[in-house]
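User: Can you walk me through this model? I'd like to begin with the pocket.

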Amino acid sequence: PARRLRFTLALRSLTSIADGTPVRVLDAGAGDGLLALAIAERHPTWTVVAADVREDALERGRADADRDGIGNVRFERLDLTRPIPEGGYDVVLALECLEEIADDEAATAAFAGALRPDGLLLVHVPERDWQPVLGGSEATWKDEVRHGYTRDELVSLLERHGLHVLRVTPTTRGTVRLAQEV
């Protein structure tokens with residue numbers, strides 16, 4: 001439920017900026033490409049690259065794209081802490097990945113470098129003070145190397161890499177967290 005909410009918010013933001021024109025999207029830390037596939041399927045004129053370091057996850061995404069006949073998405077194994085080839089993306093998505101990358105400074109630099117001038121970086125990270133609702137639920141984010149960010153930490157990280165922060169929107173909802181844990 002929490003992932004679906006974040007993906008819905010990201011899709012809404014993407015649709016609002018596109019203005020009916022084709023868009024180049026990099027889904028950084030895409031895993032098996034659930035979001036990348038949804039974007040590519042909804043917007044067949046867009047080019048979507050799903051990037052991750054885990055080849056097994058990318059293989060699952062490729063298989064799903066082939067099965068569903070989605071041809072405008074590519075799955076690439078990339079180290080997101082290094083410069084990203086083929087920059088000039090209109091949008092870079094970094095949903096649920098920065099907290100899993102030890103060198104978040106290098107990753108943020110790579111995301112900023114992959115954007116075209118005036119491109120959009122959409123980031124989702126757990127809030128530093130999040131905790132489970134139910135006793136016995138997991139007290140850490142799946143593959144976290146840090147337990148989220150405060151608003152100020154996130155803004156500072158982005159601004160250090162030349163990014164202008166337009167908005168920070170908390171997405172924590174108690175009912176969503178509860179549903180996720182159940």
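Analyst: E5 gives the largest share of the lining of the largest pocket, 10 residues. Strands (E, at least two residues) and helices (H or I, at least four) are DSSP runs, numbered from the N terminus. A pocket here is an open set of points on a 1 Å grid over the protein atoms alone, where a 1.4 Å probe fits, with protein on both sides within 12 Å along at least five of seven lines; lining residues have an atom within 4 Å of a point.

User: What kind of model is it, and how are residues numbered?

Analyst: It is a predicted model: local features need pLDDT of at least 70, side-chain atom pairs count only at pLDDT 80 or more, and totals for chains, interfaces and linings use all residues. Residues are numbered from 1 along each chain as its sequence is written, and side-chain values use heavy atoms, with hydrogens and water left out.

User: Back to the largest pocket. How much space lies in it?

Analyst: About 1,200 Å³. That volume is the space filled by probe spheres set on the grid points, which are joined across faces, edges and corners.

User: Which residues lie nearest its centre?

Analyst: Leu122, Val123, Arg167, Val168 and Thr169, out of 41 lining residues. Helix H1 (2–18), strand E5 (115–124) and helix H5 (151–159) each supply at least two residues of the lining.

User: How do the lining residues divide into nonpolar, polar and charged?

Analyst: 22 are nonpolar, 10 polar and 9 charged. Nonpolar covers Ala, Val, Leu, Ile, Met, Phe, Trp, Tyr, Cys and Pro; charged covers Asp, Glu, Lys and Arg; the others, Gly among them, are polar.

User: New topic, the fold. How many helices and strands?

Analyst: The protein chain has 6 helices and 5 strands. From the N terminus on, the elements run α-β-α-β-α-β-β-α-β-α-α.

User: What is the strand order in the sheet?

Analyst: E3-E2-E1-E4-E5, in an open sheet of 5 strands with parallel pairing. Two strands pair if DSSP finds at least two bridges between them.

User: Which strands stand at the edges?

Analyst: Strand E3 (73–77) and E5. Each has a single partner strand, so one side of each is left without a neighbour in the sheet. Neighbouring strands are turned by 20° against each other on average, direction ignored. The axes are lines fitted to C-alpha atoms.

User: Take me through the pairings. What does E1 pair with?

Analyst: E1 pairs in the parallel sense with strand E2 (residues 47–52) over 5 bridges. Arginine 24 has threonine 47 in E2 as its bridge partner. The chain gets from E1 to E2 through helix H2 (residues 34–42), and this β-α-β crossover is right-handed. Right-handed means that, with the strands pointing away from the viewer, the path from the first strand over the helix to the second runs clockwise. E1 is also joined to strand E4 (residues 89–95) by 3 bridges, again parallel. There, valine 25 has valine 91 as its bridge partner.

User: Is E1 covered or exposed?

Analyst: Mostly covered: 4 of the 5 residues of E1 (residues 24–28) are buried. Buried means under 20% relative accessible area, exposed over 50%, partly exposed in between (1.4 Å probe, protein chains only). Of the 182 residues of the protein chain, 44% count as buried.

User: And how many bridges join E2 to E3?

Analyst: 5, and the two strands run parallel. Aspartate 52 stands opposite arginine 77 in E3.

User: How many bridges for E4 and E5?

Analyst: 6, in the parallel sense. Tyrosine 89 stands opposite leucine 115 in E5. The chain crosses from E4 to E5 through helix H4 (residues 104–114), in a right-handed β-α-β crossover.

User: Where is aspartate 118, and is it buried or exposed?

Analyst: Aspartate 118 sits in strand E5. It is exposed, with a relative accessible area of 76%.

User: Last one. Where is threonine 8?

Analyst: In helix H1. Threonine 8 is partly exposed, at 39% relative accessible area. Threonine 8 and leucine 35 are 27 residues apart in sequence and 9.3 Å apart in space, C-alpha to C-alpha.

Terms used
Axes are lines fitted to C-alpha atoms, for helices over the stretch in contact, and angles run from 0 to 180 degrees between N-to-C directions.
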